[in-house]
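Grab a pencil and work through these exercises with the structure open beside you. Try each task before you read its solution.

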Amino acid sequence: MRRPRPGGGAGGCAAARARGGGGGGVPARARGAPAAAGAAWLRDLSAAMARPPQQRLGVWAPLLLLLLEGPAACAASPADDGAGPGGRGPRGRAQGNAGADDSVPRHDSSYGTFAGEFYDLRYLSEEGYPFPTAPPVDPFAKIKVDDCGKTKGCFRYGKPGCNAETCDYFLSYRMIGADVEFELSADTDGWVAVGFSSDKKMGGDDVMACVHDDNGRVRIQHFYNVGQWAKEIQRNPARDEEGVFENNRVTCRFKRPVNVPRDETIVDLHLSWYYLFAWGPAIQGSITRHDIDSPPASERVVSIYKYEDIFMPSAAYQTFSSPFCLLLIVALTFYLLMGTP
């Protein structure tokens with residue numbers, strides 16, 4: 001009398017899965033792999049068909065139980081993507097698991113979810129394709145002249161009473177942490193700059209310029225005056241740059257560190273320097289000679305720690321402010337009133 005095969009009775013699928021991968025049954029490591037389970041079932045079926053008819057019944061019994069119980073008995077592992085209740089697959093999400101913690105987030109690795117998270121709907125066209133453009137940039141904040149002499153220092157050149165939008169040239173500076181924020185504006189379509197000099201003459205000066213290029217952008221560039229020629233320096237200490245060209249004016253704002261490593265072309269702003277003011281046209285984004293032959297400069301050295309509001313009249317308004325001109329006007333008036341003998 002032959003003994004029945006182990007696990008061939010009513011142990012069903014559980015007994016079949018408990019075996020480690022012998023001649024029949026489903027290996028334990030294949031619980032979450034339908035392909036491995038199918039391969040084991042085919043091996044059992046082939047082995048059973050090769051035996052004599054008297055020995056096939058003991059093999060067919062567990063296989064029939066396996067087919068009848070199906071996925072309910074031999075469920076996939078909860079760790080599988082296609083698992084049922086409590087798993088991470090779609091069936092687990094659809095059916096839910098009463099014993100699972102709903103607060104634990106489930107990860108959806110589908111491409112649709114990834115694309116929906118990656119692309120913001122604001123940057124999708126009507127057809128659903130992402131635009132190849134950057135997010136919109138905030139508009140340039142106007143320069144506040146009411147703070148001049150209070151929370152920042154200012155220089156104005158032009159008509160008396162002018163502001164950042166009407167002066168021929170305007171500059172402001174203020175301390176922000178370890179940086180100095182500069183604001184420049186000039187009546188030009190090319191460039192506006194400020195130079196830091198040990199004297200009032202051009203030559204050997206550290207220069208920061210805002211240049212309007214042919215694409216409509218305003219870029220912050222660093223120059224060093226070699227005599228009367230401005231040489232562009234690749235090392236640019238500017239940060240947080242922004243600029244705009246509106247109403248035939250170039251306006252910009254940038255920050256620059258107070259202390260910098262020792263460099264011939266970059267000065268330390270914690271020291272006091274004469275400020276040189278210049279502006280002029282540009283050709284294809286390259287600066288050319290400044291508009292006036294003798295650009296204005298500060299009367300004395302400037303300290304970034306002292307905020308003043310300094311006005312300098314332009315040439316058109318300097319005639320009647322000269323002491324000699326005033327004396328001449330008084331003499332002419334006296335001559336006309338007294339008459340000739």
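**Exercise 1. A residue in a strand**

Does Asp206 count as buried or exposed, and at what relative accessibility? Work it out, then list the polar partners of the Asp206 side chain.

*Solution.* Keep in mind that this is a predicted model.

Step 1: Find Asp206 in strand β5.

Step 2: Check its accessibility. Buried means under 20% relative accessible area. Asp206 has 1% relative accessibility, so it counts as buried.

Step 3: Look for polar contacts. The side chain of Asp206 is joined to that of His222 by a polar contact of 2.7 Å. The side chain of Arg256 makes another polar contact with the Asp206 side chain, at 2.3 Å.

Step 4: Look at the neighbours. Leaving out residues up to four places away in sequence, Asp206 touches a group that includes Val194, Phe196, Tyr224 and Ile266. His222 and Arg256 are on that list too.

**Exercise 2. The nonpolar core**

How many residues does the largest nonpolar core have, and which residues have the most contacts inside it?

*Solution.* Start with a general idea: in soluble globular proteins, nonpolar side chains tend to be buried together.

Step 1: Count. The largest nonpolar core has 30 residues, and Tyr169 and Tyr275 have the most contacts inside it.

Step 2: See where the residues come from. The biggest giver is β3, with 4 residues.

Step 3: Zoom in on Tyr275. Beyond residues up to four places away in sequence, Tyr275 touches, among others, Phe155, Leu171, Phe182, Pro296 and Ile304.

Step 4: Look for another core. There is one of 8 residues, lying apart from the largest one, and its members include Ile143, Val145, Cys154 and Cys162.

**Exercise 3. Rings that pair up**

*Solution.* You need two values here: a pair of aromatic rings is described by the distance of the centres and the angle of the planes.

Step 1: Get an overview. The whole structure holds 10 aromatic pairs.

Step 2: Compare their surroundings. Tyr173 is buried, at 2% relative accessibility, whereas Tyr307 is partly exposed, with a relative accessible area of 24%.

Step 3: Turn to Phe182 and Phe196. Phe182 belongs to strand β3 and Phe196 to strand β4, so the pair ties together parts that are 14 residues apart in sequence. Phe182 and Phe196 are both buried.

**Exercise 4. The whole chain**

How many helices and strands are there, and what percentage of the residues is buried?

*Solution.* Step 1: Count 6 helices and 13 strands in the protein chain.

Step 1: Of the 341 residues, 32% are buried.

Step 2: Finish with the surface. The chain exposes about 21500 Å², and carbon and sulfur atoms supply 57% of that area.

Key. Residues are numbered from 1 along each chain as its sequence is written. This is a predicted model: local features need pLDDT of at least 70, side-chain atom pairs count only at pLDDT 80 or more; totals for chains, interfaces and linings use all residues. Side-chain values use heavy atoms; hydrogens and water are left out. A nonpolar core is a set of buried Ala, Val, Leu, Ile, Met, Phe, Trp, Tyr and Cys residues joined through side-chain atoms within 4.5 Å. Buried means under 20% relative accessible area, exposed over 50%, partly exposed in between (1.4 Å probe, protein chains only). Helices (H or I, at least four residues) and strands (E, at least two) are DSSP runs, numbered from the N terminus. Contact means heavy atoms within 4.5 Å. Rings of Phe, Tyr and Trp (its six-membered ring) pair if their centres lie within 6.5 Å; planes under 30 degrees apart count as stacked, over 60 as edge-to-face and the rest as tilted. Accessible areas come from the Shrake-Rupley method with a 1.4 Å probe; for residues, only the protein chains shown count as cover. A polar contact is a pair of N or O atoms within 3.5 Å; within protein, one must be able to donate a hydrogen and the other to accept it, and residues adjacent in sequence count only if both atoms are side-chain atoms.
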